[in-house]
Amino acid sequence: MDRSWIRNSKPGDREYDAGVRQFINFAVKNSEGCEKLPCPCHKCHNLLHKRVDEILNHLTKFAFDNTYTCWIWHGEKMDETHVGKPKNSVFEEENVVEGDNLEDMLCVAQDEFNDDPSKFEE
Ligand SMILES: [Zn+2]
């Protein structure tokens, strides 16, 4: 996805407007039904959550935060924009998944312990 408009254009430019529309589409698609999303305008810096129409309004008035080229606050994974991916990245991702599962299992074990401590006495 071409993000050069974030740095190279400003509100009012046709390129900027097209880019903002592209961003809004992306954000809505990844919002998982959330009504408010982080606003990436120059003033909010993704710190403030706004409705989509407010974000659109901000991005029309204020410039898009020009450091925000990887849209991690709007559902984008860091890895997807890395062009020269290291070969062992798949292996690393697998490790992360295992770690998550372990955490889930610990959570479940903790829950069961709370429900019925006698199960763990054997
Ligand atoms: Zn804003």
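1. Helices (H or I, at least four residues) and strands (E, at least two) are taken here as DSSP runs, numbered from the N terminus. On that basis the protein has four helices and two strands, which follow one another along the sequence in the pattern α-α-β-β-α-α.

2. Two remarks on the basis of these notes. The model is predicted, so that local features need pLDDT of at least 70 and side-chain atom pairs count only at pLDDT 80 or more, while totals for chains, interfaces and linings use all residues. Residues are numbered from 1 along each chain as its sequence is written, and side-chain values use heavy atoms, with hydrogens and water left out.

3. The zinc site. Donors are N, O and S atoms within 2.8 Å of the metal (3.2 Å for Na, K and Ca), and because water is not among the atoms, sites may look incomplete. The zinc ion is coordinated at 2.0 to 2.3 Å by the SG atoms of Cys 39, Cys 41 and Cys 44 and by ND1 of His 58, and these donor residues have the sequence spacing C-x1-C-x2-C-x13-H. The arrangement is tetrahedral because the four donor atoms subtend angles of 102 to 116 degrees around the zinc ion, where four donors count as tetrahedral if all angles lie between 85 and 135 degrees.

4. Residues are called buried under 20% relative accessible area, exposed over 50% and partly exposed in between (1.4 Å probe, protein chains only). Of the 122 residues of the protein, 25% count as buried, and Cys 39 and Cys 41 are both buried. A nonpolar core is a set of buried Ala, Val, Leu, Ile, Met, Phe, Trp, Tyr and Cys residues joined through side-chain atoms within 4.5 Å. The largest such core has 17 residues, and Trp 5, Phe 23, Ile 55, Leu 59, Phe 64 and Trp 71 have the most contacts inside it. Helix H1 (4-8), helix H2 (14-29) and helix H3 (52-61) are the elements that give two or more residues to this core, with H2 supplying the largest share, six residues. Phe 23 is found in helix H2 and counts as buried at 0% relative accessibility.

5. The largest pocket. On a 1 Å grid over the protein atoms alone, a pocket is an open set of points with protein on both sides within 12 Å along at least five of seven lines, and its lining residues have an atom within 4 Å of a point. The lining of the largest pocket includes Asn 30, Glu 32, His 49 and Trp 73, and strand E1 (residues 36-38) gives the most to this lining, with three residues.

6. Most residues other than glycine have a negative phi. Glu 32, in the loop between H2 and E1, has a positive phi near 55 degrees and is exposed, with a relative accessible area of 76%. Asn 46, in the loop between E1 and strand E2 (49-51), has a positive phi near 65 degrees, but this residue counts as buried at 10% relative accessibility.

7. A separation in sequence and space. Thr 67 lies in the loop between H3 and helix H4 (89-115) and is exposed, with a relative accessible area of 58%. The C-alpha atoms of Thr 67 and His 45 are separated by 9.2 Å, with the two residues 22 residues apart along the chain.

Notes: Four donors count as tetrahedral if all angles lie between 85 and 135 degrees; four count as square planar and six as octahedral if opposite donors are over 155 degrees apart and all others between 65 and 115; anything else is irregular. On a 1 Å grid over the protein atoms alone, a cavity is a set of points where a 1.4 Å probe fits but cannot get out, and a pocket is an open set with protein on both sides within 12 Å along at least five of seven lines; lining residues have an atom within 4 Å of a point.
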